[in-house]
Amino acid sequence: MIDSIGSAAATSLTTPTSPSDGTSRTALGQNEFLTLMITQLRNQDPFKPLEPTEFLGQLAQFGTVSGIEGVKASLGDLSASLQGTQLLNGASLIGHSALLRANSAPVRDSGGIAGGVDVPGGYNSVEITVADIAGTEIRRFQIPAQSGWTRFEWDGRDATGEKAVPGQYVIRATAGTGNSSSALATWLEARIDSVAVDPTNASLLVNTSMGAVPLTALRQIQ
């Protein structure tokens, strides 16, 4: 009788059973493992005690379970610490301006829109067109057709010199040579208002005047 109880306890220690509620159980926690080990020791046959090598093997299993739980806890602490560090580092960006790839930006009561384009070699003109959200052209002007990164700035005024009304404006850049032209991607300047941690992947999100973007989407911080 004692021997059968000890065997059952040993079996339970090494082979987890499924709970009575029908759910699948694939791993033992520290408490369950230790409870099963103590039960086995209490119910072992005194005439056939547990072999030292078998007992040491079970202790090693318990150490493995305990170690895994410790690693999980340490990883959780590390993740929380890294998120805190990201926020602290990201806080230094607040109030700065950054360049991000976009073709529209808001204009407020004062100021306009600044940005830049990458101009390929071989073009002899680069034109910037500003339009309102309905597509009506507000302003058109030329910038140097130098090869490489070229900045531009719209002062927020229309073709007559009047101040444009506050709102969202679309910026288009076109490089031309002879009878051909090509649209260029625009990078526009935005103000960094705050930072946050993306809950889906724990990366840093930068909240700008043109919306929230990942830190990796910024080309330049000024």
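I take a salt bridge to be a side-chain nitrogen of Lys or Arg within 4 Å of a carboxyl oxygen of Asp or Glu. I am working on a predicted model.

**Entry 1: R191 and D193.** I looked up this pair against that cut-off. The closest N and O atoms of D193 and R191 are 2.6 Å apart, so the two form a salt bridge. D193 is partly exposed at 35% relative accessible area. R191 is also partly exposed, at 37%.

**Entry 2: the count.** How many salt bridges does the rule give? I get 6.

**Entry 3: R140 and E127.** Their side chains form a salt bridge, 2.7 Å from N to O. The pair joins distant parts of the chain: R140 lies in strand β5 (residues 137-143) and E127 in strand β4 (residues 125-132), 13 residues apart. R140 has a relative accessible area of 43% and is partly exposed. E127 is partly exposed too, at 22%. I also found E137 linked with E127 and R140 in a network of salt bridges.

**Entry 4: R139 and D155.** Here the N to O distance is 3.1 Å, again a salt bridge between side chains. R139 sits in strand β5, while D155 is in the loop between β6 (148-154) and β7 (167-177), 16 residues away. R139 is partly exposed at 23%. D155 is partly exposed at 40%.

**Entry 5: the whole chain.** I noted 3 helices and 12 strands. Of the 222 residues, 27% count as buried. Among contacts with a separation of 6 or more, 65% come from residues 24 or more positions apart. The accessible surface is about 13,200 Å², and carbon and sulfur atoms hold 55% of that surface.

Methods:
Residues numbered from 1 in each chain as written. Predicted model: local features only at pLDDT ≥ 70, side-chain atom pairs only at ≥ 80, totals over all residues. Heavy atoms only, no water. Helix = DSSP H or I, 4+ residues; strand = E, 2+ residues; numbered from the N terminus. Buried < 20%, exposed > 50% of the residue type's maximum accessible area, 1.4 Å probe, protein only. Contact = heavy atoms within 4.5 Å. Areas by Shrake-Rupley, 256 points an atom, 1.4 Å probe, with all protein chains shown as cover.
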